[in-house]
Amino acid sequence: MAGLQSLICSVSKQLIAPNCTAPARLNGASPSVVNASSGESSVDEKNVTKRRLALFGAGALATSLLKTTPAFAEDIPENYKSYVDAKDGYSYLYPSDWRDFDFLGHDSAFKDRNVALQCVRVGFVPTEKTDIRDLGPMDEAIFNLVNNVYAAPNQTPMIYDMQERTVDGKNYWTFEYDLEAPGYGVSAFATVAIGNGRYYTLIVTANERRWSRLRNRLKVVADSFKISDLTA
């Protein structure tokens, strides 16, 4: 647990900003952007059941184990582009009408051109751990992240779902959560993974009031995040 708390402290220095308006980016990357080429796959919102669980009672968090096959640049859904950072060892999809911007403490970020709070960003910090499972049980680790890192003092954090997936032998945790404050709320997916001596975090967010319309679209982003081995 001491190791997890140390890692949380490192991540918290990087992920304190809850919105999409911060001014600077660290670890500048040389991206490769690939245009979309194939059909979009989405989940019918009517079949999505959300179980809202307050973090203050973390007893019955749902977990799902997913095994996925590698498919990224080979099959880009319609209306998405891919961001590939070979230098820093990660890649993901983002909506094709979003634009890149500088987000404090993050390595890459894209946001909606017109709507506030709709954005995706990726950051990483050094770690001696080799796998995300080294953080301990998934529900406990995610509880600590959302409660101690993502939530500001005036926000009430809530979890909807947690999933683990394995791609090319690498494990990823993806979870959906809300940060609610007086007058507004932010909904998000986060995907975390460890590799290359780094703890990677992708967060994609939207205004809570628009979440039902955007959830499936942003889930594609969260599920697309992959890390790759760095070459010397």
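**Contacts, strands and loops**

Reply: Bear in mind that this is a predicted model. Among contacts in the protein chain with a separation of 6 or more, residues 24 or more positions apart account for 66%.

Me: OK, and how many helices and strands are there in the protein chain?

Reply: The protein chain has three helices and 13 strands, and of its 232 residues, 51% count as buried.

Me: Let's go to strand β12. How many of its residues are buried?

Reply: Strand β12, which covers residues 198-207, has 10 of its 10 residues buried, so the strand is largely enclosed by the rest of the structure.

Me: And which strands pair with β12?

Reply: Strand β8, residues 119-126, pairs with β12 in the antiparallel sense over eight bridges, and strand β11, residues 184-195, also pairs with β12 in the antiparallel sense, over 10 bridges.

Me: Can you give me a residue to look at there, say what T205 in β12 is bridged to?

Reply: T205 is the bridge partner of C119, and A188 stands opposite T205 as well.

Me: Is N196 buried or partly exposed?

Reply: N196 counts as partly exposed because its relative accessibility is 29%, and buried would require a value under 20%.

Me: Where else does a residue other than glycine have a positive phi?

Reply: D168 is one of them, with phi near 50°, and D168 lies in the loop between β9 (156-167) and β10 (170-181).

Me: Switching to G89, where does that sit?

Reply: G89 lies in the loop between β4 (80-85) and β5 (90-95). G89 counts as buried because its relative accessible area is 0%, which falls under the 20% cut-off.

Me: What is G89 in contact with, leaving aside its neighbours within four places in sequence?

Reply: With those neighbours left aside, G89 is in contact with N196, Y200, K226, I227, S228 and L230. K226 is 137 residues apart from G89 along the chain, and the C-alpha atoms of these two residues are separated by 8.4 Å.

Definitions and conventions:
Residues are numbered from 1 along each chain as its sequence is written. This is a predicted model: local features need pLDDT of at least 70, side-chain atom pairs count only at pLDDT 80 or more; totals for chains, interfaces and linings use all residues. Side-chain values use heavy atoms; hydrogens and water are left out. Helices (H or I, at least four residues) and strands (E, at least two) are DSSP runs, numbered from the N terminus. Buried means under 20% relative accessible area, exposed over 50%, partly exposed in between (1.4 Å probe, protein chains only). Contact means heavy atoms within 4.5 Å. Two strands pair if DSSP finds at least two bridges between them.
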